[in-house]
Amino acid sequence: MQLLHIDSAITGDQSVSRQLTAQIVEAWKASHPATQVSYLDLVADAPAHFTMDAMAPRTGQTDGLSEAQQRENAVSERLVSQFLAADVVVIGAPFYNFAIPTQLKAWIDRIAQPGRTFQYTANGPEGLAKGKTVIVASSRGGVYSTSEGGRAMEHQESYLQTVLGFFGVTDVRFVRAEGVAMGGDAKAQALAAAAQAIEAYVKAHAANQDRVSQAA
């Protein structure tokens, strides 16, 4: 099993989402010892924001590419190949200004490739990255999930659910630590709830895999 571990928080060791992704990966490895992990730090190794140089190969242009276009295409190819090769993807997604970090958005822009992660058909768009499990470590300084107004301002989890679904990923799970900037007690409660969610997700997946193996 191939697991892709992605972090995007700019806060380094102070990051809650980085703490959560590390916990998720360790729990997954404990339940699935044969898992091979690759790591992508989108702060240390951030793709450039999307440009026409990066777009050119997707328009069908293959001849006469400039040096810049070839370089940007190589970045996109590396990232989409890494994503497609993964059975499990763990994404650290902190909540910045009501959305995801620009580094994470730049990664999504690079892997959103027609013919690779999606295609348009006579019946509409079809995702091509089916069969993956994605676990998103979602961290938020405030609380946005418990009120209509808060949910209206949230473009983090909702966006990731939408775009991953567009890629054909139907198994998207969120481990949420919410209210982590609202005092020590609130942060401790949020981290404890997230730890419980991690344990539940990993155990449920392991049990399901056992049932599938026994049926086979």
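Tutor: Start with axes: they are lines fitted to C-alpha atoms, for helices over the stretch in contact, and angles run from 0 to 180 degrees between N-to-C directions. Helices (H or I, at least four residues) and strands (E, at least two) are DSSP runs, numbered from the N terminus. This is a predicted model, where local features need pLDDT of at least 70, side-chain atom pairs count only at pLDDT 80 or more, and totals for chains, interfaces and linings use all residues. Residues are numbered from 1 along each chain as its sequence is written, and side-chain values use heavy atoms, leaving out hydrogens and water.

Student: Why are helix 3 and helix 4 called roughly perpendicular?

Tutor: The axes of helix 3 (residues 67-85) and helix 4 (residues 102-111) cross at roughly 90° and come within 8 Å. Angles of 65 to 115 degrees count as roughly perpendicular (under 35 roughly parallel, over 145 roughly antiparallel, the rest oblique). Therefore helix 3 and helix 4 are roughly perpendicular.

Student: Which residues in helix 3 and helix 4 meet?

Tutor: Contact means heavy atoms within 4.5 Å. Glu72, Val75, Ser76, Leu79, Val80 and Phe83 of helix 3 meet Trp107, Arg110 and Ile111 of helix 4.

Student: What makes strand 7 largely enclosed by the rest of the structure?

Tutor: Buried means under 20% relative accessible area, exposed over 50%, partly exposed in between (1.4 Å probe, protein chains only). In strand 7 (residues 171-178), six of the eight residues are buried, so the strand is largely enclosed. Strands pair if DSSP finds at least two bridges between them. Eight bridges join strand 6 (residues 133-140) to strand 7, and they run parallel.

Student: Why does Ala181 count as exposed?

Tutor: Its relative accessibility is 63%, so Ala181 counts as exposed. Ala181 lies in the loop between strand 7 and helix 7 (184-215).

Student: What about Asn97 and Phe98: how exposed is each?

Tutor: Asn97 has 73% relative accessibility, so Asn97 counts as exposed. Phe98 has 37%, so Phe98 counts as partly exposed.

Student: What is phi at Asn97?

Tutor: Asn97 has a positive phi of about 50° and is not a glycine. Most residues other than glycine have a negative phi.

Student: Which residues have the most contacts inside the largest nonpolar core?

Tutor: A nonpolar core is a set of buried Ala, Val, Leu, Ile, Met, Phe, Trp, Tyr and Cys residues joined through side-chain atoms within 4.5 Å. The largest has 27 residues, and Leu104, Trp107, Leu160 and Phe167 have the most contacts inside it. Helix 4 gives the largest share, four residues.
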